[in-house]
Amino acid sequence: MPNIKELNDLTTQVRRDILRMVHKVNSGHPGGSLGCAEFFVSLYNDILETKDGFDMDGIGEDLFFLSNGHISPVYYSVLARAGYFPVEELNTFRLIDSRLQGHPTTHEGLPGIRIASGSLGQGMSVAIGAAQAKKLNNDDHLVYSLHGDGELQEGQNWEAIMYASAKKVDNLISTIDLNQQQIDGSTDDVLPMGSLRAKFEAFGWTVLEIEEGNNVEAVLKGMKDAKALTGQGKPVCVLLHTVMGHGVDFMMHTHAWHGKAPNDEQLENGLAQNPETLGDY
Amino acid sequence: MGIIMKTYTYTEKKDTRSGFGAGLAELGRTNPNVVALCADLIGSLKMDEFIKENPERFFQIGIAEANMMGIAAGLTIGGKIPFTGTFANFSTGRVYDQIRQSIAYSGKNVKVCASHAGITLGEDGATHQILEDIGLMKMLPGMVVINPCDYNQTKAATMAIAEYDGPVYLRFGRPAVPVFTPADQKFEIGKAVQFTEGTDVTIVATGHLVWEALEASKALNEAGISAEVINIHTIKPLDDKAILDSVAKTGCIVTAEEHNYLGGLGESVARVLAEHRPTPQEFVATKDTFGESGTPAQLMDKYGLNSAAIQKAVKKVIARK
């Protein structure tokens, strides 16, 4: 059993990293990043079975694909703090000549990244391909993916969702970040999607929900439940209920901080709400 | 190393897509990492033999090309070499962003194999006849673009691209066309093949237009015009040296392709010439237009993509020297 306090401390530190990264370059996407901090910390510190080091093929280990690439700050922070690359490199986020591009890419050779993402809706197909390669390789490790809820408005997802169940891709756990916000407003205002549970179930997936997506213990339990549901002939969908901007009160429950950086004063305010735990980079 | 010289002999008529199918089947026997994907066009792409022999390495995606490109990218993670199969239109324009982000920018070892390219798709008409695919694909950084000229060259190219590590666009066609290159040829990506030597004009052709260029050179020879015919099967990376060496001798060039003159082989050649040796050039290609229904031969005639059109262009370009 992981030490929950340690994971909570790491989550708080990741939130500081996110705020400081986007503040420094006055660009990036803090809202979704903050909302997914517990998910990434849980995934990389207890859920994923990974080898030491990094190779592209990832044979003999679990894989993770981020489809909504704009939440790169949380991804980079958690990867760095899991040892994929030096934590100091977070200083280079979005700067010229950096491996930490605005959206994640394999192009600059950053360890931990296996696909470029940013243009939305493509990650589930990639995750399915990787999952099918694992089956061909008789590799019983799992493939995980994360998608925004707004991102499901892209049609390619539904091609992938239909395919994954039809072809019994049951070594795949696709998590949907259900924060109900997108750039132009709430998902209900922009394009209501109805019941995602009903949709995924109608497409032949096993669906489970994590109601408290910003609670490490709840995320760990939910993801372990999801893992137990793999290998049963169906892909698994996790509906992860999160609050966009979680952990910084003025960023919460709004789409306003989807892609906006805090100013100096707002940074101080946000950092004060997330006191340093493991040390800033 | 200088240009590869080949003799050629007409043997029979066969479709280039069957060359792809034969090459893929051979890869199925020789390379266990090769996997194939198709978006509901197995028969059209001639993938049956591979599938019959390697059912576990075939992925029927259904009519969902975007998903197919993403799955192909994912399959490379784990060491597979995916070959995707659908029509050229659905292999490029329909899925441009998927190829751009998940394959090209991500540097994935996917082979995008595209049949029914160009106007010779025929009766289905302009919705299916893509004349822009070479341009779309050659603009993607790192993408190799290949358009072989006959059955044997397509088979050889199919097998060669499995040995190359990186994204490739392989373009071939639907109709039966002359087979004239050797069955045992070695295919070298990026290396032009010269079929005739000449002194008055260089004709650089790709795909179905190579045979037309050879027919044109015969007719021109009878009219006292000596044409050097070069087969550019790889549009990117382009064999700059072969082109420059030839025009140094002939002083003018005709490019011939079953593609829009905007974005095609002709423009790539024009760039090389503009940079190194400005030379009069004529373009045998479609001229910023969509196609239409008709037989392949009728369409090639109407849109000026045959031996007669090449001969006309040659006379025009020689007059500009």
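User: Helices are DSSP runs of H or I with at least four residues, and strands are E runs with at least two, numbered from the N terminus. The model is predicted. Between which two elements of chain B does B:N54 lie?

Analyst: B:N54 sits in a loop of chain B. Helix α3 (48-53) is on one side of that loop and strand β4 (58-60) on the other. The two elements are α3 and β4 of chain B.

User: Is B:N54 buried or exposed?

Analyst: The cut-off for buried is under 20% relative accessible area. B:N54 has 6% relative accessibility, so B:N54 is buried.

User: Which residue's side chain makes a polar contact with that of B:N54?

Analyst: The contact runs from side chain to side chain. Its length is 2.8 Å. The partner of B:N54 is B:R57.

User: How far apart are the C-alpha atoms of B:N54 and B:A309?

Analyst: Along the chain, 255 residues separate B:N54 and B:A309.

User: How many salt bridges cross between chain A and chain B?

Analyst: Over all chains the count is 30 salt bridges. Across the interface there are 18 residue pairs in polar contact. The count of salt bridges between chain A and chain B is 0.

User: How much area is buried between chain A and chain B?

Analyst: Chain A gives 30 residues to the contact and chain B gives 27. Carbon and sulfur atoms supply 53% of the buried area. The area is about 2,200 Å².

User: Which residues of chain A lose the most area to chain B?

Analyst: Together, these residues account for 24% of what the side of chain A buries. They are A:Q122, A:L136 and A:E159.

User: Which element gives the largest share of the side of chain A that touches chain B?

Analyst: Three elements of chain A give two or more residues each: β1 (63-66), α5 and α6. By class, this side has 13 nonpolar, 13 polar and 4 charged residues. The largest share is 8 residues, and it comes from α5(A).

User: A:S125 is in helix α5 of chain A. Which residues of chain B does A:S125 contact?

Analyst: A:S125 counts as buried because its relative accessibility is 0%. Within chain A, its side chain makes a polar contact of 2.9 Å with the side chain of A:Q156. Leaving aside neighbours within four places in sequence, A:S125 also touches A:A160. From chain B, the contacts are B:N67, B:G70 and B:I71.

User: Which residue just after α6(B) takes a positive phi?

Analyst: The phi angle is about 65°. The residue is B:G107.

User: Which helix of chain A holds both A:K221 and A:D225?

Analyst: The side chains of A:K221 and A:D225 meet in a salt bridge of 2.8 Å, N to O. The two are 4 residues apart, about one turn of the helix. A:K221 is exposed because its relative accessible area is 53%. The helix is α9 (residues 216-228).

User: How far apart are the end C-alpha atoms of residues 14-179 of chain B?

Analyst: UniProt lists this span, in an unreviewed entry, as "domain: Transketolase-like pyrimidine-binding". The span is 42% helix and 20% strand. Its end C-alpha atoms are apart by 6 Å.

Terms used: Residues are numbered from 1 along each chain as its sequence is written. Chains are lettered from A and ligands numbered from 1 in the order in which they are written. This is a predicted model: local features need pLDDT of at least 70, side-chain atom pairs count only at pLDDT 80 or more; totals for chains, interfaces and linings use all residues. Side-chain values use heavy atoms; hydrogens and water are left out. UniProt positions are given in the numbering used here, feature names are shortened, and annotations may be inferred rather than shown by experiment. Contact means heavy atoms within 4.5 Å. Buried area is the accessible area (1.4 Å probe) that two parts lose on being put together, summed over both. A salt bridge is a side-chain nitrogen of Lys or Arg within 4 Å of a carboxyl oxygen of Asp or Glu. A polar contact is a pair of N or O atoms within 3.5 Å; within protein, one must be able to donate a hydrogen and the other to accept it, and residues adjacent in sequence count only if both atoms are side-chain atoms. Ala, Val, Leu, Ile, Met, Phe, Trp, Tyr, Cys and Pro count as nonpolar, Asp, Glu, Lys and Arg as charged, and the others, Gly among them, as polar. Buried means under 20% relative accessible area, exposed over 50%, partly exposed in between (1.4 Å probe, protein chains only).
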